[in-house]
Amino acid sequence: MINAIIDGIKVSVPDNTSILDAAKSVGIQIPTLCYLKEINEIGACRVCVVEVEGHDKLFTACNNILEEGMVIHTTSYKAREGRRMNVQLMLSEHDDRCTTCVRSTDCSLQRLAKELNIQDNPFEKHIPEQKGSSDFPLIRDYTKCIGCMRCVSVCDKIQASSIWDLLGSGSRAQIDVRDVYRLEDSKCALCGQCITHCPVGALKERDDVSKVLRALDNKDKITIVQIAPSIRTAWGEMLGLTPQQASMERLSAVLKYLGFDYVFDTNFTADLTIMEEGSEFIERLKDGKRNFPMFTSCCPGWVRFLKGHYPELVDNLSTAKSPQQMFGAIIKSYVAKIKNIDPKDIYSVSLMPCVAKKHECALDNMNDACGEPDVDAVLTNRELIRLIRSQHVRPELLEEVPLDDPLGFGSGAGNIFGATGGVMEAALRSAYYLVTGENPDPDAFKAVRGMDGWKEASFEIDGIPLKIAVAHGLGNADRLIKAIKKGQVEYDFVEIMACPGGCVGGGGQPFYDGVEMAEKRAPILYAFDAKTDLRFSHENPSIKQVYEDYLIAPLGEKSHHLLHTNHHDWKMPGEE
């Protein structure tokens, strides 16, 4: 054990403990800004500086190890003034018009400046120039970057995408996109993890709230909204609602209050995805293991990553569209028909935990229902909150309102889509039925649950051995793909989610600086699955009805036209 004194308190911690963690062990909080545990421990911002007796220079607490006999002062005049000066230097190169910033009141730099009582700045302002497209789903604001390197570390270490880098040197050094001039020309997966880990407003999703409000104000448009499974786990967090208050029915009431004509549950097309994707998997098995393993295709961030980094494996993707796009196609075909609406009069909105969904809905080949985009706009969870606040809605005062028929209901299997392993588990439940004609125990495949980055399991369905894998976070996906290409592993079916934890940890979810929420949100989805009487996608009466009335059968002609896609119909930058 290493013994030292921090702010007059005796500390005894194991060897190789940082000053930051040693201080934390006795309740002393040293402020940080660039620090992310085990991801970004580089002392770039120098906000965590402390004074160590016997040394002239200040020490960064996050990446310096406590040594025997150290006497440390975290709030001495020297440490305090060094910390203030470092923050003032950041502010001198930061656009601090906070009232119009997307992170206002939720910005770590803003909070820190207030804590340090910074009311003026002696340094001359020098704001970098802005560049890049304001139409791209992910926007980098060069005027707000503080050079903390978080985006670089997350993109490299967690997501294996290496989009960002520190370019230039000295006073000209800045974080920018690597290898290309513009972000939109890069192989960015649009997972949005750089956004959720940025401590300021330097990274954000394109805001489409105004576009949706214009549609709600247009009396000639029928506005329809779908709610993704993982939205229900987090939409109430930023509004201070309890889990009991933040029900789907209360969110339905909020959306109806805002002016949406119909509110549906994306769980319905999660079930529909299982019917199509599960049937496709069985067909591939019968077809002599062609293009195996089969990869899930419901995560557009994963699809972008595969097309950008491993284009030779694109044919291994299921041709099934994501639940979002299936819903858009069904809304502007089946729903339009039964409600006697011209599909061109429908404005279709989806509430998603994801930035990549904004790119997906704008693809030229996602217009199969009527020739116009099947989904007109995507709002992230954060944009949903901004929409609610902009209209001064008080959700806790509204009475709950049920979602609309015929697509307002999904099974427990569809609900768990939002957690890593959920797609695989739901698919195996129905694949078992489609092969044997009997339902398995609903929890027979729960081995795929959990937060391990790369899970694998073996099952047997009607004498057919299956080896499956589940990975979440693109870094884990990258390791898995490399192992497949080297022949080190073999699988029949693989589920990939781009974001750590799956959609519950999506790049469009609420901010919590330095805290990962996926592990806390996922149990909400599994709890719903466990308590519902309907735990199989193929037993959803609405699914049975849509096939009986309209689609005829999974993988049929109409299903293929509306619910499947060709992943080669659009290109990533640099893709031949």
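Colleague: Which strands does H7 lie across, and at about what angle does H7 run to E11?

Modeller: H7 lies across E10, E11 and E13. Its direction is at about 150° to E11. Keep in mind that this is a predicted model.

Colleague: What order do the strands take in that open sheet, and is the pairing parallel or antiparallel?

Modeller: The order is E11-E10-E13-E14. Four strands make up the open sheet, and the pairing is parallel.

Colleague: Which are the edge strands?

Modeller: Strand E11 (262–265) and strand E14 (377–380). Each of these pairs on one side only.

Colleague: And what does the twist average?

Modeller: It averages 25° from one strand to the next.

Colleague: Zoom in on E13 and E14. How many bridges do they pair over?

Modeller: Four bridges, in the parallel sense. Strand E13 covers residues 346–352.

Colleague: What is the bridge partner of Leu351 in E14?

Modeller: Leu379 is the partner there.

Colleague: Which strands does helix H6 touch?

Modeller: Helix H6 (residues 209–217) packs on the sheet and touches strand E10 (222–227), E13 and E14. The direction of H6 makes about 125° with that of E14.

Colleague: New topic: cores. In the largest nonpolar core, which residues touch the most other members?

Modeller: That core has 74 residues. Leu109, Leu138, Trp164, Trp235, Leu255, Phe260 and Leu351 touch the most other members.

Colleague: Which helix gives the most to this core?

Modeller: Helix H7 (residues 248–258), with six residues.

Colleague: Why might nonpolar side chains be found together like that?

Modeller: In soluble globular proteins, nonpolar side chains tend to be buried together.

Colleague: Take Phe260. What does it touch, leaving out residues up to four places away in sequence?

Modeller: Phe260 touches Val212, Leu216, Thr223, Ile224, Val225, Leu255 and Val349.

Colleague: How many residues are in the other core, which lies apart from the largest one?

Modeller: That other core has 53 residues, among them Ile274, Val303, Tyr310 and Ile484.

Colleague: Now Asn3. Where does it lie?

Modeller: Asn3 lies in strand E1 (residues 2–6).

Colleague: Why is Asn3 called partly exposed?

Modeller: Because its relative accessible area is 35%.

Colleague: Which residues does Asn3 touch, beyond four places away in sequence?

Modeller: Val11, Ser12, Glu67, Glu68, Gly69 and Met70. With Ser12, the side chains are joined by a polar contact of 3.0 Å.

Colleague: How many residues apart in sequence are Asn3 and Met70?

Modeller: They are 67 residues apart in sequence, but 7.7 Å apart in space, C-alpha to C-alpha.

Technical notes. Residues are numbered from 1 along each chain as its sequence is written. This is a predicted model: local features need pLDDT of at least 70, side-chain atom pairs count only at pLDDT 80 or more; totals for chains, interfaces and linings use all residues. Side-chain values use heavy atoms; hydrogens and water are left out. Helices (H or I, at least four residues) and strands (E, at least two) are DSSP runs, numbered from the N terminus. Buried means under 20% relative accessible area, exposed over 50%, partly exposed in between (1.4 Å probe, protein chains only). Contact means heavy atoms within 4.5 Å. A polar contact is a pair of N or O atoms within 3.5 Å; within protein, one must be able to donate a hydrogen and the other to accept it, and residues adjacent in sequence count only if both atoms are side-chain atoms. A nonpolar core is a set of buried Ala, Val, Leu, Ile, Met, Phe, Trp, Tyr and Cys residues joined through side-chain atoms within 4.5 Å. Two strands pair if DSSP finds at least two bridges between them. Axes are lines fitted to C-alpha atoms, for helices over the stretch in contact, and angles run from 0 to 180 degrees between N-to-C directions.
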